[in-house]
Amino acid sequence: MKKIEAIIRSEKLEDLREALDAQGFGAMTITEVKGRGSQKGITLEWRVGEYRVEFIPKIKVELVVDDRAVDNVIGVITSVCSTGKIGDGKIFISPVEEVIRIRTKEKGPGAL
Amino acid sequence: MINTGDTAWVLISTALVILMTPAVGFFYGGMVRKKSILSTIMMCFAALFLISIQWVLIGYTLAFGPTKGGLIGGLNWLGLLGVGQAPNVDYAATIPALCFMMFQAAFAIVTPSLIVGAFVERIKFGAFLIFTGLWATFVYDPVAHWVWGVGGWLRAMGALDFAGGTVVHVTAGFSALAIALVIGKRIGYGKDNMEPSNIPLVVLGAVLLWFGWFGFNGGSALAANGLAVSAFVVTNTAAAAAALVWMLLSWLHRRPSVLGVATGAVVGLVAITPASGFVGPLSAIAIGGIASLISYYMIVLRMRFRIDESLDAFACHGMGGAWGAIATGIFANKAINPAGANGLLFGNPGLLWTQFVAVATTAAFAFVVTYALATLIDLIVGLRVTANEELVGLDISQHAESV
Amino acid sequence: MINSGDTAWVLISTALVILMTPAVGFFYGGMVRKKNQLSTVMMCFAILIVMSLQWYILGFSLSFAPTFRGLIGRLDWVGLTGVGQLPNAAYAATIPFLAFMVFQAAFAIITPALIVGAFVERIRFSSFILFSLLWTTLIYDPIAHWVWSTDGWLRALGALDFAGGLVVHISAGFSALAIALVIGKRIGYGKDNMEPSNIPLVVLGAVLLWFGWFGFNGGSALAANGLAASTFVVTNAAGAAGAAVWMILSWMQRRPSVLGVATGAVVGLAAITPASGYVSPASALIIGAVASLIAYYMIWLRMKLRIDESLDVFACHGMGSFWGVLALGLFASKAVNPAGANGWIFGNPDQFFIQLFAAVFIAAFSFMATYFLAKVIDGLGGLRVKENEELVGLDISQHAESV
């Protein structure tokens with residue numbers, strides 16, 4: 001099993017949820033985060049002049065999926081969340097040792 | 001002859017009504033998504049300063065100046081020429097003319113801010129400013145003249161509107177529907193989750209509206225007398241009745257919601273507005289309660305037709321105000337206000353017909369002119385932001401600010 | 001002979017002005033970083049508590065009691081002895097003397113609250129309380145005496161200040177600059193990101209200020225009459241003009257910002273304050289508009305000089321109202337207020353020079369006295385918190401609380 005962590009543009013969340021759901025990946029966790037990558041920061045308005053906001057609000061989406069599903073999920077994320085401009089985000093993949101469903105105490109890929 | 005008690009009451013009422021315009025901004029602002037909350041607040045604040053200026057330059061004279069054929073006021077009072085500290089006995093004999101003018105200003109200011117609910121989250125700020133200035137001049141000022149101006153044709157016909165059911169709420173509500181149809185639905189409407197970002201802010205707005213409404217209706221007595229008290233009492237009663245009914249409706253549906261009772265209260269206040277100086281407390285309960293029923297189902301209907309008049313200004317203000325004006329024709333009682341008239345329940349069916357004519361003409365006029373105005377502005381400068389600006393949110397795209 | 005209408009108006013005006021002090025807390029509180037939001041709100045709230053008491057015990061007497069050489073009031077009315085329900089005809093013949101006193105209290109309370117903007121995010125709470133108490137007693141009370149008491153020397157010279165341009169805004173603004181220079185820049189100023197933590201809170205503060213200002217200026221007529229109505233009208237006009245111009249200026253620079261229009265409105269209101277009982281609505285539009293231009297560029301100048309007068313009390317209140325005091329000398333008209341004077345435009349250049357003298361004197365006195373006071377307190381206990389207290393934020397370090 002793998003954990004897929006995607007940092008995406010906030011306004012892409014709804015489309016992504018729908019697309020993942022359609023592919024059978026209805027379960028996920030989201031967190032509101034702030035971050036920066038190559039986008040660096042944006043300039044906002046103060047009373048006179050401007051100020052820099054160094055960390056841009058984004059959404060972090062996390063899913064844990066079976067190894068065989070990883071490519072499919074990555075494909076969905078990249079196609080839905082890409083605009084071609086700086087700030088589209090990143091995907092990180094890490095191995096997951098175990099998964100347990102709290103209600104039934106099941107373990108393993110069946111608990112996903 | 002200036003009466004200090006009357007003047008004090010109308011002055012504080014004016015302040016209360018002016019407070020209501022930014023209150024609309026909070027009420028609406030808390031209902032939209034976080035990325036557009038500041039732009040919503042900004043638009044109502046802009047209506048405040050824009051129409052404050054438009055009113056003293058030209059609005060007041062168009063609305064209340066000596067009449068031209070019962071349709072519009074003349075330019076006699078352009079720039080407040082001739083409007084001084086002495087009373088204008090045609091309008092209010094015991095308060096300074098400047099005081100009456102300013103009280104009326106507060107109404108002219110809040111009315112366009114109500115329309116903001118129709119086009120949140122997608123209108124271009126510059127287009128909004130142009131629309132608001134023109135709407136005030138070509139819709140609000142004429143209608144105010146018809147209903148409240150000396151010689152105004154609806155007033156001459158006997159139509160009653162104590163504090164603005166037709167002038168404020170019907171015009172705003174029907175105009176909201178018109179511009180919503182022109183500007184189109186928000187991207188993702190019907191599909192995306194569009195949750196309110198700050199419900200306590202909505203309630204704060206509703207609370208300041210309820211508070212201000214005592215000035216809105218009570219001050220319209222233009223004196224601190226028995227009629228002002230009567231209007232004050234029915235205002236509170238109608239709000240309470242309407243909020244209660246909405247609470248029950250939302251409980252029947254699912255759960256009694258905070259947003260629901262806040263909306264219900266506003267709807268009751270809207271409905272009692274035209275009737276506030278002509279009806280008694282028991283009538284107010286009926287008027288408020290029925291208003292909630294009507295507005296609640298108008299919202300259901302709007303959603304079924306998939307019209308994105310986003311914050312239901314039409315359902316609440318347009319239809320709530322229309323009901324209130326009609327209800328005036330039913331419940332008006334000369335025992336409450338001898339300067340008014342009797343309604344259907346007190347033996348005079350004629351008033352009901354007059355009220356209906358007033359509602360129908362102001363609604364149709366507001367809708368048609370707004371539709372034309374919105375279409376024209378859309379053609380010349382474009383009403384809507386680009387898709388990208390809409391997705392990123394108006395706070396950042398229009399104002400370079402963010403919560 | 002007590003007039004109930006006048007009394008009602010002054011009482012409600014008093015409540016409106018008292019509301020403005022916590023409103024300043026919200027206005028400023030939303031502008032600072034989240035870690036200092038509560039401390040900013042706290043400081044304004046604390047002033048409401050402490051200065052209410054100072055005024056009753058001592059301040060009112062120093063400001064308004066029979067004079068010692070035109071410089072300060074004697075202690076005749078310490079603890080409000082002799083201040084009862086009957087009018088004091090020297091100040092306000094138709095309202096209880098207690099009403100006059102408490103109305104004035106509201107002004108004494110809000111003035112030190114304005115200065116808070118200069119030293120947010122780094123002042124020690126105990127030093128702040130001591131500074132505010134001493135400032136009110138040694139600077140506000142004398143100035144109020146000079147300008148408003150019956151024998152005050154500036155009043156005797158013919159200086160006019162209807163509602164507090166000299167007494168409130170110039171004194172607070174120039175004092176803010178002085179203490180900002182003594183306390184020094186915030187850690188990270190010019191380098192770190194210092195974004196506003198709650199813009200809707202700023203707008204709520206500005207809205208309550210705008211609302212309260214009708215009492216601030218309108219109530220200063222001390223009667224519910226034509227002058228109060230006129231004052232009310234020009235107050236709204238100046239606020240609107242100030243906001244409109246700031247919107248245009250910030251749009252030319254980048255985008256029309258919510259923070260900008262909120263600030264512009266406050267600047268317009270501050271500017272009209274001294275002139276509000278003497279000028280026409282047309283003049284008020286000009287006064288408000290020019291005030292925004294001046295304050296906008298004063299902020300730009302302050303930023304260029306890298307002075308951390310953090311929330312621009314000097315630019316908005318100090319310079320905005322400096323212009324307003326001078327503008328009185330230009331635009332005042334005895335047609336608006338026979339008890340006032342004519343300004344330069346109406347054929348009397350003298351008033352302008354009297355106003356100029358008063359403004360410069362008050363500005364210089366406020367600046368120097370505050371600089372000295374701040375230095376003394378800094379020497380005694382230290383104005384500033386320790387470095388790590390500032391980095392963690394005043395909410396936690398001074399108040400053990402957090403949003």
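Start with a salt bridge in chain A. The side chains of Lys3(A) and Glu62(A) meet there, 2.9 Å from N to O. This is a predicted model, so every value I quote is computed. Where do the two partners, Lys3(A) and Glu62(A), lie? Lys3(A) is in strand S1, residues 2-8, and Glu62(A) is in strand S5, residues 56-65. The pair therefore ties together parts of chain A that are 59 residues apart in sequence. Lys3(A) is partly exposed, because its relative accessibility is 26%. Glu62(A) comes in at 17%, so Glu62(A) counts as buried.

That is one salt bridge. Over all chains, the search of the whole structure finds 22.

Now chain B, and one residue in particular: Glu121(B). It sits in the loop between H3 and H4 of chain B. Glu121(B) forms a salt bridge with Arg33(B), and the closest N and O atoms are 3.1 Å apart. This pair links distant parts of the chain. Arg33(B) belongs to the loop between H1 and helix H2 (37-64), 88 residues away from Glu121(B).

Are these two, Glu121(B) and Arg33(B), buried or exposed? Glu121(B) is buried, with a relative accessible area of 2%. Arg33(B) is at 15%, so Arg33(B) is buried as well.

Glu121(B) has another salt bridge, with Arg186(B), at 2.6 Å from N to O. Arg186(B) lies in the loop between helix H6 (165-183) and helix H7 (199-218) of chain B, so this pair ties together parts that are 65 residues apart in sequence. Glu121(B) and Arg186(B) are both buried.

Which residues do the salt bridges with shared partners join into one network? They are Arg33(B), Glu121(B), Arg122(B), Arg186(B) and Asp308(B).

Stay with Glu121(B) for its backbone. Most residues other than glycine have a negative phi. Glu121(B) is not a glycine, yet its phi is positive, about 70 degrees. What about exposure? Lys105(A) is exposed, with 64% relative accessibility, whereas Glu121(B) is buried at 2%.

Next, the second largest pocket. It holds about 1,200 Å³ of space. Its lining counts 36 residues. Which of them are closest to the centre of the pocket? Leu259(B), Ile299(B), Arg302(B), Met303(B) and Asp312(B). Five helices of chain B give two or more residues each to this lining: H1 (4-29), H8 (226-253), H9 (258-275), H10 (281-304) and H11 (313-331). H10(B) makes the largest share, with 6 residues.

Still in chain B, look at the surface. There is a nonpolar patch made of Ile130(B), Leu134(B), Phe138(B), Leu376(B), Leu379(B), Ile380(B) and Val381(B). Together they have about 690 Å² of accessible area. Helix H4 (125-148) and helix H12 (349-380) of chain B each supply at least two of the patch residues. Take Ile130(B) as one of them. It is in helix H4. Ile130(B) has a relative accessible area of 38%, so it is partly exposed.

Last topic: aromatics. The whole structure has 64 aromatic pairs over all chains. Phe125(C) and Phe128(C) are an example. Their ring centres are 5.8 Å apart, and their planes meet at 35 degrees, so this pair is tilted. Both residues lie in helix H4 (125-148) of chain C, 3 residues apart, about one turn of the helix. Phe128(C) is buried, at a relative accessible area of 0%.

Compare Phe162(C) and Tyr278(C). Their pair is edge-to-face, with 5.5 Å centre to centre and 85 degrees between the planes. These residues are 116 apart, and the pair links distant parts of the chain. Phe162(C) is in the loop between helix H5 (153-156) and helix H6 (165-183), while Tyr278(C) is in the loop between helix H9 (258-272) and helix H10 (281-304). Phe162(C) is buried, with a relative accessible area of 11%. Tyr278(C) is buried too, at 8%.

One cluster to finish. Which residues do ring pairs link in chain C? Trp55(C), Phe60(C), Phe64(C), Trp77(C), Tyr91(C), Phe97(C), Phe100(C) and Tyr140(C).

Definitions and conventions
Residues numbered from 1 in each chain as written. Chains lettered and ligands numbered in written order. Predicted model: local features only at pLDDT ≥ 70, side-chain atom pairs only at ≥ 80, totals over all residues. Heavy atoms only, no water. Phe/Tyr/Trp six-rings, centres within 6.5 Å; stacked < 30°, edge-to-face > 60°. Helix = DSSP H or I, 4+ residues; strand = E, 2+ residues; numbered from the N terminus. Buried < 20%, exposed > 50% of the residue type's maximum accessible area, 1.4 Å probe, protein only. Patch = residues over 30% accessible without salt bridge, like charges linked within 9 Å, V, L, I, M, F, W, Y side chains within 5 Å. Areas by Shrake-Rupley, 256 points an atom, 1.4 Å probe, with all protein chains shown as cover. Salt bridge = Lys/Arg side-chain N within 4 Å of Asp/Glu carboxyl O. 1 Å grid on protein atoms, 1.4 Å probe; cavity = no way out; pocket = protein on both sides within 12 Å on 5 of 7 lines; lining within 4 Å. Points joined across faces, edges and corners; volume = space filled by probe spheres on them.
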